[in-house]
Amino acid sequence: MSYDDVEIEDMEWNQELQAFTYPCPCGDLFQITKEDLRLGEEIARCPSCSLYLTVIYNMEDFQENSNKKAEPPKPQPVAVA
Amino acid sequence: MDEEEEQRQGVWSWGAGTDGQLATGSLQDEIIPRFIRSLSAYGPIVSLSCGGAHVIALTPGGRVLTWGRGTSGQLGHGESVSSSQANVVKELEGFVITHVSAGWNHSGFVSETGAIFTCGDGSFGQLGHGDSNSQLYPRQVAYFASKPVEQVACGMRHTLVLLAGNVEHPVYGFGSGKRGQLGISTDNVKSTSLPQITLGLENLKIISIHANGDHSSALSADGSLYTWGRGFRGALDTYIPCLSDVAFPVSKVALGWNHALLLSREGDVFMLGGDRHGALSDPQKMPSTADTSSSAGEPEENITQIISGPANVKVVQIAAGAEHSAFITDNGSIMTLGWGEHGQLGLGDTNDQTAPQVVCLDRISAWGDATPRVYCGSGFSFVLMTRI
């Protein structure tokens, strides 16, 4: 059973891992690559434990010839309502 | 540490260890409590705060030690490396630190004079400096320069601050507010990197604040509990602190990622949220899009009493990891329940437990009748035993 459902915009791009990540309760990170997303994969796995997340995203945003930037918007520095 | 100090305090750790958070000097998980020989050259540790994968310890003189994951600067040593051994935070020497909190990847420190410092991951504004930069050294939060602070509570991506004294607005929040965990607006505020007033707590005498995951809570002097942020067990998120309808005065609170532990003044433990130990054991958990079970938008709070043993056994202290719980009974037992995959229950295996189990410590006899204290990080646990 999926541990949680998380929107792609709530995941963080990790340059070192080359993956979108989200905190796992074990202390490690759930991870999913752009290639995974391009293929329609919606499960982000934690390399340290058995838990996994369901990632909510629009597959079209990750297609090769999409004009859209695949990375999610950076958190805004100042309050935005 | 000299021999006398060593005899005054025993420290044990167990659970996930891959970032050095167990202070064992290795990066292994430990499924049974591991006795730690030496932690502090500055006297017995007074208290601990355990985060995602790092730990902050306070010494009697107000010094601060940190260890564990340091990749975002959360250890405050001026570098972004992890350490499996405790090191003093030199940048804070000269301050008497009285309260600390370890979040997922950030840290908060409060001094005797009411100054607050933060370091670590600042991506969501959770350091409160008006930007989304990370800090490798503790940096004073300028916003509170003229507002003395008493406590800090660091969650996954947010931070709460409790001001000292009797003030109209006792609590402030900053960082991610996506799930309502800042309590600063009825609108969905994505994030703020400057502190803002947490609403709904005007003129209340708040005695403690708590943050973990996307949850927030505050406890008032009369034992009333206020919660905000992510809803427990599929309930709707709460954007303004909401008086919890528990039927008894609460004396202590510990938050996980999907549950809250409440200790009553009579020494009984209750769990808010997951009926056993958070979402992991809840077969009814539905995708958030189908969260319609809470009728008429009423937050549905399931409160379960946790039976810790015979009726005359009382609980004196509680702690919550992301998905596990621990508490100390008045006969000195350490009990754990919840998710156990990394050995964070300290029971010698990696099983989950839906009822409290007694944790056995080796060398325990050397500490006589000293009362243990327990602390939980996301996937790990610590116990301190101090001879008075």
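Which residue is the bridge partner of B:L219 in strand 17 of chain B? I looked this up and found B:L225.

I note that this is a predicted model, where local features need pLDDT of at least 70, side-chain atom pairs count only at pLDDT 80 or more, and totals for chains, interfaces and linings use all residues. Residues are numbered from 1 along each chain as written, chains are lettered from A and ligands numbered from 1 in written order, and side-chain values use heavy atoms, without hydrogens and water.

**Sheet in chain B.** I traced strand 16 (residues 215-220) and strand 17 (residues 225-229), which run antiparallel and are joined by 5 bridges. Strands here are DSSP runs of E, at least two residues, numbered from the N terminus, and two strands pair if DSSP finds at least two bridges between them. Both belong to an open sheet of 4 strands in the order 15-16-17-18, with antiparallel pairing. I marked strand 15 (206-212) and strand 18 (238-243) as the edge strands, since each pairs on one side only.

**B:S381.** I found B:S381 in strand 28 (residues 380-386) of chain B. Is B:S381 buried or exposed? B:S381 counts as buried because its relative accessibility is 0%; buried means under 20% relative accessible area (1.4 Å probe, protein chains only). Beyond four places in sequence, its contacts (heavy atoms within 4.5 Å) include B:W12, B:W14 and B:Y375.

The end C-alpha atoms of residues 2-58 of chain A lie 19 Å apart.

Terms used
Buried < 20%, exposed > 50% of the residue type's maximum accessible area, 1.4 Å probe, protein only.
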